[in-house]
Amino acid sequence: MTDKRLAPGDPAPEFTLPDADGQPVSLSSYRGQRVIVYFYPAAMTPGCTTEACDFRDSLADLNDAGLAVLGISPDPPAKLAKFRDRDGLTFPLLSDPDHAVGVIRSTFVVGADGKIEQAMYGVKATGHVARLRAQVGA
């Protein structure tokens, strides 16, 4: 979530970004709960759609395991709203057009204490959510 690669035990950098409706969402608002923060390059592209739909389809199990999901891309909120509505995505999609928070396809599990539990860089979209669910027990 910064230029420096994060590792388990590192504090998750705080951020506030607009969601698909332009409303600000802060990582700190999830404190006390585990959250998956994943970065993807572009809404409505094949790999990113696969990954987002996998998160959507796994959301109930992830939520049952105490995990929220946030997706972050450089797309503007209007494009995120189209992506959300087209694919029925039911978790927040956040806009980071300046790459202030992150730029490469990666996934982080942030613990309830705000520290990184898992940091995965250069993940492949296909099959990623299933592997992640196995790792987090969801």
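How do S3 and S6 pair, and over how many bridges? They pair in the antiparallel sense over five bridges; two strands count as paired if DSSP finds at least two bridges between them. This is a predicted model, in which local features need pLDDT of at least 70 and side-chain atom pairs count only at pLDDT 80 or more, while totals for chains, interfaces and linings use all residues. Residues are numbered from 1 along each chain as its sequence is written, and side-chain values use heavy atoms, leaving out hydrogens and water.

Helices (H or I, at least four residues) and strands (E, at least two) are DSSP runs, numbered from the N terminus. Strand S3 (34–39) also joins S4, in parallel, through six bridges. From S3 the chain crosses through H1 to S4, a right-handed β-α-β crossover (clockwise from the first strand over the helix to the second, with the strands pointing away from the viewer). Here is one facing pair from each pairing:

| Residue | Opposite residue |
|---|---|
| Val37 | Leu70 in S4 |

Five of the six residues of S3 are buried (under 20% relative accessible area, with a 1.4 Å probe and protein chains only). Buried residues of H1 include Ala52, Phe55 and Leu59. H1 has a kink of about 55°, centred on Ser58; the bend is the angle between axes fitted to the seven residues ending there and the seven starting there.

Now to Phe91, in the loop between helix H2 (77–87) and strand S5 (93–95). Phe91 is buried, at 5% relative accessible area. Beyond its neighbours within four places in sequence, its contacts (heavy atoms within 4.5 Å) include Ala52, Phe55 and Leu59.

Conventions:
Buried means under 20% relative accessible area, exposed over 50%, partly exposed in between (1.4 Å probe, protein chains only).
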